[in-house]
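Trainee: I'm new to this one, could you walk me through it?
Mentor: Gladly, have a look at it here and then ask away.
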Amino acid sequence: MAKKKRLLILSDMHCGNIAGLTPPRWKKFRFHTEMWKLYTKMVDNVKPVDILVINGDAVDGKQRRSGGIDLLTTDRLEQCMMAKECIDYVNADKIYITLGTSYHTAGGENWEMILSKMIDADYCDGRIFLDVNGVVFDFKHFIPGSQIPHGRFTAIARDRLWNLLWNEKREQPKADIIVRSHCHYFVYCGTNQWLALVTPALQGVGSEYGKRIPSGVIDFGMVWFDIDEKGNWSWNYSIATISSLKAKPLKV
């Protein structure tokens, strides 16, 4: 008999990056401690978790373009150990991992696939459709971003439409909830019958790429769903501010 289930989504931990989610035994800076406390507090508030989905970019990789200048460690196995510690804290009954961007998680080996074996995940793939008490989720990591505020809804709304078109071809299940990540900002659209969202990240500001290239706000947090035995669902999210990473002017 089905029971009410809680599904938690974490994404973009970028373990190994100086601004990534960093468990205590790897901490180097004060903001690592603050980020970990915020993370564990958010997780504690949603426990117990039946289903955990890690929606890509759990590790940061070698950072070939930047030469690794903003990495805590270039050892991807150690990065996987960091990610494992983050995931173990949730203590979920079932764990699913979608594959992140090749730049961060591949390059000779598929490190998120290795991570999935380290944590004995239930399934790992580039895209995952989950049926939870009759509610269908469509998980994939990548979605294009936008550097204009009003453009950030376009890509996720587009993926909802693509799912409907694939479903008409009978080659994909019709998803009630579309979940993407990658952009490090949180946006959503939908009705009382469907939802499409881009999840917040678990990497803070401070990477070399973040300092030099993109515009726009980022969001540090997580999203979760409750699905009852009749297929009714509700959802919520938690977004936190990392006080020690706030920008401050230089006094002259």
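Trainee: Before that, what kind of model is it?
Mentor: This is a predicted model, in which local features need pLDDT of at least 70 and side-chain atom pairs count only at pLDDT 80 or more, while totals for chains, interfaces and linings use all residues. Residues are numbered from 1 along each chain as its sequence is written, and side-chain values use heavy atoms, with hydrogens and water left out.

Trainee: Okay, which residues have the most contacts inside the largest nonpolar core?
Mentor: They are Leu8, Leu10, Met13, Tyr39, Leu52, Val90 and Met222, in a core of 40 residues. A nonpolar core here is a set of buried Ala, Val, Leu, Ile, Met, Phe, Trp, Tyr and Cys residues joined through side-chain atoms within 4.5 Å, and buried means under 20% relative accessible area, with exposed over 50% and partly exposed in between (1.4 Å probe, protein chains only).

Trainee: And which elements each supply at least two residues of this core?
Mentor: Strands S1 (5-10), S2 (51-55), S3 (94-98) and S10 (220-227) do, as do helices H1 (30-46), H2 (76-90) and H4 (111-118). The largest share, eight residues, comes from H1. Helices (H or I, at least four residues) and strands (E, at least two) are DSSP runs, numbered from the N terminus.

Trainee: What is Leu52 in contact with?
Mentor: Leaving aside neighbours within four places in sequence, Leu52 is in contact (heavy atoms within 4.5 Å) with Leu8, Leu10, Ile87, Val90, Ala92, Lys94, Ile95 and Tyr96. Apart from that core lies another, of 19 residues, among them Ile9, Ile51, Ile128 and Val135.

Trainee: Switching topic, is Thr199 buried or exposed?
Mentor: Thr199 is buried, because its relative accessible area is 1%, and it is found in the loop between strand S9 (195-198) and helix H6 (208-212). The side chain of Thr199 makes polar contacts with the side chains of Ser11 (2.8 Å) and Ser181 (2.7 Å). A polar contact is a pair of N or O atoms within 3.5 Å; within protein, one must be able to donate a hydrogen and the other to accept it, and residues adjacent in sequence count only if both atoms are side-chain atoms.

Trainee: Now charges: how many salt bridges are there in the whole structure?
Mentor: A search finds 12, a salt bridge being a side-chain nitrogen of Lys or Arg within 4 Å of a carboxyl oxygen of Asp or Glu. In one of them, Asp226 pairs with Arg6, the closest N and O atoms being 2.8 Å apart. This pair links distant parts of the chain, with Asp226 in strand S10 and Arg6 in strand S1, 220 residues apart, and both residues are buried.

Trainee: What about Asp138, which residue does it form a salt bridge with?
Mentor: Asp138 forms one with Arg127, with closest N and O atoms 2.8 Å apart. Asp138 counts as buried because its relative accessibility is 0%, whereas Arg127 is partly exposed, with a relative accessible area of 25%. Arg127, Asp138, Arg158, Asp159 and Arg180 are linked in a network of salt bridges.

Trainee: Last one, which residues form the nonpolar patch on the surface?
Mentor: Leu161, Trp162, Leu165 and Trp166 form it, with about 400 Å² of accessible area together. Patches are made of residues with over 30% relative accessible area and no salt bridge, with like charges joined within 9 Å and nonpolar side chains (Val, Leu, Ile, Met, Phe, Trp, Tyr) within 5 Å. Accessible areas come from the Shrake-Rupley method with a 1.4 Å probe, and for residues only the protein chains shown count as cover. Trp166 is found in helix H5 (residues 154-168) and counts as partly exposed, at 34% relative accessibility.
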